[in-house]
Amino acid sequence: MDNFITLTNQSQGRDRMFRAAQYACALSKYLLRNNPERKELVTKLQSLESNMSGGRKLLRLGNVVSSVEAAKRTIHLSDPVLCLCLTVANINRGLYFICDNVLWARSVGLIRDIDKERWSVNASRYYFLSLVMNLTRDVYVISQLMTQRARDKNFQQRLNRHLDDSPEVAEVVAPQLDAFLFVLFESLKSNPAVALDTVKNICDLFIPLDRLGIYQSNSGVVGFCGLISSLLGIVTLLQPKLKIKP
């Protein structure tokens, strides 16, 4: 109960809960789409999904400022790769929120003379660029972790034992690939925050990819990926140690 109260007391926590509900509705709607006995339920899920999306837009008002402040912090990072990736990601995230706020204003009638489709596509484009930069950061961090692991003498002994104890694997997978996968797995296992952030960003990536027509899937895939990323986001809020830093 304490964790639930902590989650709901944060605007980001409420957004994640609304987001999880939104994509759960999208996934359920897709799974029930061909069931004639569930047409009324599908209609209700469609309405709930729309309401959750609108509620999230309201909760995200003001997030532009948070993105600008985050960009101000990351631009001073000593690591040039992290500085570039995170600053560009935060800038694009801020631009995404601007588009999102404009779309919300149009939906409530505050603004009328705008091209909704154009603004929606621009929002997806900025969201996509933000995710690409975040994923680039994840790959960079993972490569650093793997390099540190590979240089550790104790770990090198474990790797050699693994290769010696798995000769049957070498017949199917090249030893170099087996070693790479072993180092990758052990690096992510010892750094769950990096693993969770990578999975979350990969799942999120399917949403703008589908919207922009770069890689079109279906509403079921988008709903599933959105639900998984939302649940992982909730986990990182409840367990701050699982949130990647910086």
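This is a predicted model: local features need pLDDT of at least 70, side-chain atom pairs count only at pLDDT 80 or more; totals for chains, interfaces and linings use all residues.
**Fold.** I read along the protein chain and wrote down the pattern: α-α-α-α-α-α-α-α-α-α-α. My tally comes to 11 helices and zero strands.

I then looked up the overall dimensions. Along its principal axes, the C-alpha trace spans about 65 × 50 × 40 Å. The chain has 246 residues, and buried ones make up 39% of them. I also checked how far apart in sequence the contacts reach. Taking contacts between residues at least 6 apart, I get 71% that join residues at least 24 apart.

Next I asked which residues of α3 are buried. My list reads V42, L45, E49, M52, G55, R56 and K57. I jotted down a reminder beside it: an α-helix has 3.6 residues a turn, so residues three or four places apart point the same way. What do the buried residues of α3 pack against? They pack against α2 (11-31) and α5 (80-107).

**N90, in α5.** I stayed with α5 and picked N90, which lies in that helix. N90 has a relative accessible area of 15%; the cut-off for buried is under 20%, so N90 counts as buried. Leaving out residues up to four places away in sequence, I find N90 touching S67, A70, A71 and T74.

**D204, in α10.** Another residue I looked up was D204, which I place in helix α10. Is D204 buried or exposed? With a relative accessible area of 2%, D204 is buried. Its contacts, again not counting residues up to four places away in sequence, are R19, Y127, L131 and S229.

**Cysteines.** How many disulfides are there? I count zero. As a reminder, a disulfide is a covalent bond between the sulfur atoms of two cysteines. C83 itself counts as buried, at 15% relative accessibility. I looked at C99 as well, and C99 is buried with a relative accessible area of 4%.

**Second largest pocket.** I put its volume at about 160 Å³. The lining is made up of L82, V141, Q144, L145, Q148, N191, A193, V194, I244 and K245. Two elements give two or more residues to that lining, α6 (116-151) and α10 (192-212). Which element gives the largest share? It is α6, with four residues. I sorted the lining by class and got six nonpolar, three polar and one charged.

I place P246 in the segment after α11 (219-238).

How values were computed
Residues are numbered from 1 along each chain as its sequence is written. Side-chain values use heavy atoms; hydrogens and water are left out. On a 1 Å grid over the protein atoms alone, a cavity is a set of points where a 1.4 Å probe fits but cannot get out, and a pocket is an open set with protein on both sides within 12 Å along at least five of seven lines; lining residues have an atom within 4 Å of a point. Grid points are joined across faces, edges and corners, and a volume is the space filled by probe spheres set on the points. Ala, Val, Leu, Ile, Met, Phe, Trp, Tyr, Cys and Pro count as nonpolar, Asp, Glu, Lys and Arg as charged, and the others, Gly among them, as polar. A disulfide is a pair of cysteine sulfur atoms within 2.5 Å. Buried means under 20% relative accessible area, exposed over 50%, partly exposed in between (1.4 Å probe, protein chains only). Contact means heavy atoms within 4.5 Å.
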